[in-house]
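Me: I'm new to this one and would like to know where the labels come from. Could we go through a few of them together?

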Amino acid sequence: MKAIIGRFGLLALACVVALSATAGCERKPAAGGANPTTGDIPVGFYGSLTGESASFGISAREGTELAVDEVNAAGGVLGGRKLKLIVEDDQSKTDEASSAVTKMITQDKVVTVLGEVSSSRSLAAAPVCQRFSVPMITPASTNDKITKVGDYIFRTCYTDSQQGRVLAEFAYNDLKARRAAILKDVGKDYSVGLTASIEENFKRLGGEVLPVVSYGSTDQDFRAILTQIREQKPDAIFATGYYPEAAIIVRQARELGITVPILGGDGWVGDSLQGGREALNNCFLSNHFATDDPDPTLKALGQKFVAAYKARFGKEPDAMAALSYDSVYVLADALNRAGSTDGTKLRDAIAATSIQGVTGKLAINETRNVDKPTVIQEVVYKDGAMKFVYKTTIKPN
Amino acid sequence: MDTFLQQLINGLSLGAIYALIALGYTMVYGVLRLINFAHGDVYMLGAFAGFFIANAMHLDANPSILGAIVVTMGSMATCAAIGVLIERFAYRPVRHNSRLTSLITAIGVSLLLEYGGQVVFGAAPRFFPQMIRSETYSVGGVQITNQSLLIIVVSVVMMFGLEFIVHRTKIGTAMRATSHNLAVAKLMGINTDFIIAFTFALGSALAATAGVMVALSIPKIDPLMGLMTGLKAFVAAVLGGIGNIPGAMIGGMLIGLMETWIGATSYSTYRDAVAFGVLILILIVRPAGILGTASVEKV
């Protein structure tokens, strides 16, 4: 059944890509040629506002909106022009992501596309942006392949090759783990990429990695695979999927009497991870942003951002909100330096970005990525509430 | 050995979930010869009804067994009402058309509930509150939670309860009579409309029980949760012999065990394929299922 759906999904995707390819040939002059020099500047945002990973999209939109309003309140860009945010919901679906981006570029004439959080969806939309020569800045997709799509695709967070190294080092050096098990969601590019990176780095450090165990995104029962893992007695388990499955995996692992630390990546950053309850204790994750980061620069900037976010949305911002907030400032800075909304000029300006953000120094390098430190946090579940507590920061290579 | 026993327990816990849902499938089929594809979605509605009732009662902060029973009852009542409504407005108007019409209507109702559910509840997964404090019992290296035990016990109780209703009560006799021949049952003075509505109410209440029980053990609920689980329960019902109540139980347990054993090998991502492979195989080799008796179609 899933295989069939997957195949139809691929087919649909192929059709969308083929369609947008033909659309690209017809409309490209219109999209690239019309660059009004006055009036609001349309900026596209696409994200999973509904669906399985809705927490990602909602946080990202909130961070983006906050920053856009701040930029506009401070006088806008290019000598007083305001940013006009166009929001599209991709329903947590890969094929919807590419059609949402096609629509924003061809109909709304956005000058830049901001998004997505999920790597699979960024990977689906990136070729569209590249074809239309519209820069795309993904604030939070960590899969290495994304910025390799083309020279219009940028990223303002760390990559999975770094995240995997950091997680492996933390497990090996700090948790003293020597035998690790990895659970991989075969349906998510993020999980596949992160698994490969953790495996490689943990072995490089001298650790032993048990055969990787795979599951599908719709699976609900992980007891069978966890029992197999339990028998092999690992010292640490990496769950490289997203937060909804992670909550269930952690719970079922503890129910089976597995007490070793369970580690995850930034895909764990989502409200409903709380569903894991007490089982979440003794779990760790790598993250982009910590509200309790002791670094003095980040602390000062972070406090200002956290206060503004709390005042507006009534809750603490998570990493997806912080990263998205930063991505808007990258764009505003680049627009001012480019002096135009032209795609090529804007691309060159983004490539030369070097500003300080709330999630660290944002200096775009030659691979269109940034070198930012990674934060390790411990999950603490107490009195019916989940909290991420800062443990350490690991610098990029 | 520990691992083998643990996987056996895992398989039975998972199988009990399928069995609970398969019971409803099989009972409706047994009486009406209708495969109610919306059954898996009523199961989803049961979980959501339980979710809202439990939250209204603030059960998460002070879990209690009494509270859990109230939530289950409330969810059963809600779903029984929904089941009757579905029968009245979707199935009854097409009852006298060909069986294919009913089947396609059932698929339509299923899609309506799934995507209507996404509009009403939102597509993001939610986490069911904790109604009973989770406890893990450990016997010689084998772990089982109180929730898994509860699911197994409830599914066995439900199976015997259904057997009793269908074979030992007056209304059960009327159900079987309606199943044999609707027109003759009517002539004998049986209110067949009521019997059919009752069958749907009972089946939907069973689905609601399954929804709440499963949400206790695997607390992630979303509007599409009934899709895959419902299909697998359908496979379980066919495997055991559709229309046969103990068959649903056996079919559910077998599917659960098979999936667990596949999950324990390096082919873990093929577990869904295996369940549906079994469906194809059983339809080729023994279409009546394990406990079903082949019936000769009279012309």
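Predicted model: local features only at pLDDT ≥ 70, side-chain atom pairs only at ≥ 80, totals over all residues.

Me: Let's start with A:Leu78. Why is A:Leu78 called partly exposed?

Reply: Count the neighbours: A:Leu78 has 17 C-beta neighbours inside 10 Å. Buried takes 20 or more and exposed takes 12 or fewer, so with 17 A:Leu78 falls in between and counts as partly exposed. You'll find A:Leu78 in the loop between helix H2 (54-73) and strand S2 (83-89) of chain A. Its phi is positive, about 50°, although A:Leu78 is not a glycine.

Me: And what makes A:Asn282 partly exposed?

Reply: Try the cut-offs again. A:Asn282 has 15 C-beta neighbours inside 10 Å, and that sits between 12 and 20, so partly exposed is the label. A:Asn282 also has a positive phi, about 70°, without being a glycine. Look for A:Asn282 in the loop between strand S10 (262-264) and strand S11 (283-287) of chain A.

Me: Over in chain B, how do you know that strand S2 (residues 136-139) and strand S3 (residues 142-145) pair?

Reply: Pairing needs at least two bridges. Four bridges join these antiparallel strands of chain B, so they pair. S2(B) and S3(B) form a hairpin with two residues between them, and B:Gly140 in the turn has a positive phi of about 50°.

Me: Last one: which residues does the cis peptide bond join?

Reply: That bond joins A:Gly115 and A:Glu116, with omega about -5°. A:Glu116 is in the loop between strand S3 (113-114) and helix H4 (119-131) of chain A.

Methods. Residues numbered from 1 in each chain as written. Chains lettered and ligands numbered in written order.
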